Amino acid sequence: MNHAVIEAMATAGLTAEALAAQVEVDPKTAGRWANPGHIPQSRHRAKVAALLGREVSELWPEVGRRREPAWFRRWADVEREALSLRWFELAWVPGLLQTEAYARATLAGEALSSGEVDRLVAARLARQAVLRRDPPMLLVAVIDEMVLRRTAGGDRSMMRDQCEHLADCATLPFVQVHVVPAEVGMYAGLGGPFILAELDGGARLLHVDGQAHAQILEQAADLVTLDRRWARICGDALPRAQSLELIRKAAAAWT
C-alpha cells in the first residue's frame, strides 16, 4: 500500500468516497490511489495533493522520476487508470507486449543518444506492470500478421523471443491477442494504428499515433468512427485460439 496516501487521507479526514466527490472521479479510482503504482491523472494530481495537504512528490515520488517523454505522460496515466484497452497495431507489437530487445529495435535509426534509448526502453517496460495490476485491466490487442514476419537487421533470435513472449502474454487471463492474417488483403486497419481506452464512470479516450506526433481525442464523432473501424478489423481477425497458434508458428519459423 501507499502509506503516504493512506496517512494523508486519515489526517485530512477524507475517505475515498469523499475525495472522489471533490475531485469528480469514480470512488473506485480514488481508492486505487492508495495502491502502489496508481497515480492520479495529471489533470487531477495537484488538486488531490492540495486536498490532502501534501506535495505531489510526497504522495507519489515516482512522478518526479518518470521516464516517459513529456508528450506521452498523459496517455501513460490513462493506461494506469483504464478499465480496458482495445489496441490495434499495423506495424509493431504493442508496447505493453514488447520484449526489451524488440523495444530497442523499434528505436533503431532514430536520432537518439544511447542514454535516451535506455530511458525510453525502461519507461516502456515499466508501463507493462498494468498487465498484472490489481484490479486487472483488460487488454485486447489486434495486430497485422506482418508484425510477426518483420525483423530488424536480420535478427532472427530477437523475433523468435518476441513472438514467444507475445504468445506467453496472450495466455494471461486479462489479455487477448488477435491476428489479422495476411490473406485478408485490404482491410480497415490499413489506415493506421489506434487505441481505445475505457475509464471508470464510462469516460472513453482515443490515442492515434502518426509519423509527426500522437493525439489523444475524446470527441464523440472520433470515438464512433474508430469503434466502427475496430469492429470491422476484429471481423477480419482470427479468433483467440487460432491467433495464438499462428503466433507460435511464427516463433518457430524464426528459429
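H178 has its place in strand 3 of what is a predicted model. With a relative accessible area of 14%, H178 falls under the 20% limit and is therefore buried. Leaving aside neighbours within four places in sequence, H178 is in contact with V140, A141, V142 and I143, and also with A237, L238, P239, R240 and S243. Of the elements named elsewhere in this report, strand 2 spans residues 138-144, and helix 12 spans residues 240-253.

**Overall dimensions**

The protein has twelve helices and six strands. The C-alpha atoms fill a box of roughly 60 × 40 × 35 Å when the box is taken along the principal axes. A compact globule with 255 residues would have a radius of gyration near 18 Å, and the protein, at 20 Å, agrees with that expectation. Among contacts between residues at least 6 apart in sequence, 71% join residues that are at least 24 apart. Of the 255 residues, 47% count as buried, while the accessible surface comes to about 12,500 Å², with 53% of that area belonging to carbon and sulfur atoms.

In soluble globular proteins, nonpolar side chains tend to be buried together. In this model the largest nonpolar core has 41 residues, and those with the most contacts inside it are L85, L97 and L148. At least two residues of this core come from each of helix 6 (73-81), strand 1, strand 2, helix 9 (146-149), helix 10 (156-170), strand 3, strand 4 and helix 12. Helix 10 provides the largest share, namely seven residues. Not counting residues up to four places away in sequence, L85 touches W75, E79, L96, M137, L138, L139, V140, I195, L196 and A197. A second, separate core has 19 residues, including V5, A16, V56 and L59.

**Aromatic pairs**

F194 lies in strand 4 and W230 in helix 11 (residues 220-236), so the pair ties together parts that are 36 residues apart in sequence. F194 is buried, with a relative accessible area of 3%, and W230 is likewise buried, with a relative accessible area of 7%. F88, Y187, F194 and W230 form one aromatic cluster.

**Strand pairing around F194**

Strand 4 and strand 5 (residues 204-209) pair in the antiparallel sense over five bridges. Their hairpin has five residues between the strands, and G201 in this hairpin takes a positive phi near 80 degrees. Strand 5 pairs in turn with strand 6 (residues 214-217), again in the antiparallel sense, over four bridges. A hairpin joins strand 5 to strand 6 through four residues, and D209 stands opposite A214 in strand 6.

**A buried threonine**

Where does T106 lie, and is it buried or exposed? T106 lies in helix 7 (residues 100-106), and its relative accessibility is 13%, which means that T106 counts as buried. Not counting residues up to four places away in sequence, T106 touches W92, Q98 and R124.

Definitions and conventions:
Residues are numbered from 1 along each chain as its sequence is written. This is a predicted model: local features need pLDDT of at least 70, side-chain atom pairs count only at pLDDT 80 or more; totals for chains, interfaces and linings use all residues. Side-chain values use heavy atoms; hydrogens and water are left out. Buried means under 20% relative accessible area, exposed over 50%, partly exposed in between (1.4 Å probe, protein chains only). Contact means heavy atoms within 4.5 Å. Rings of Phe, Tyr and Trp (its six-membered ring) pair if their centres lie within 6.5 Å; planes under 30 degrees apart count as stacked, over 60 as edge-to-face and the rest as tilted. Two strands pair if DSSP finds at least two bridges between them. The radius of gyration is taken over C-alpha atoms; the globule rule is 2.2 Å times the number of residues to the power 0.38. Accessible areas come from the Shrake-Rupley method with a 1.4 Å probe; for residues, only the protein chains shown count as cover. A nonpolar core is a set of buried Ala, Val, Leu, Ile, Met, Phe, Trp, Tyr and Cys residues joined through side-chain atoms within 4.5 Å.
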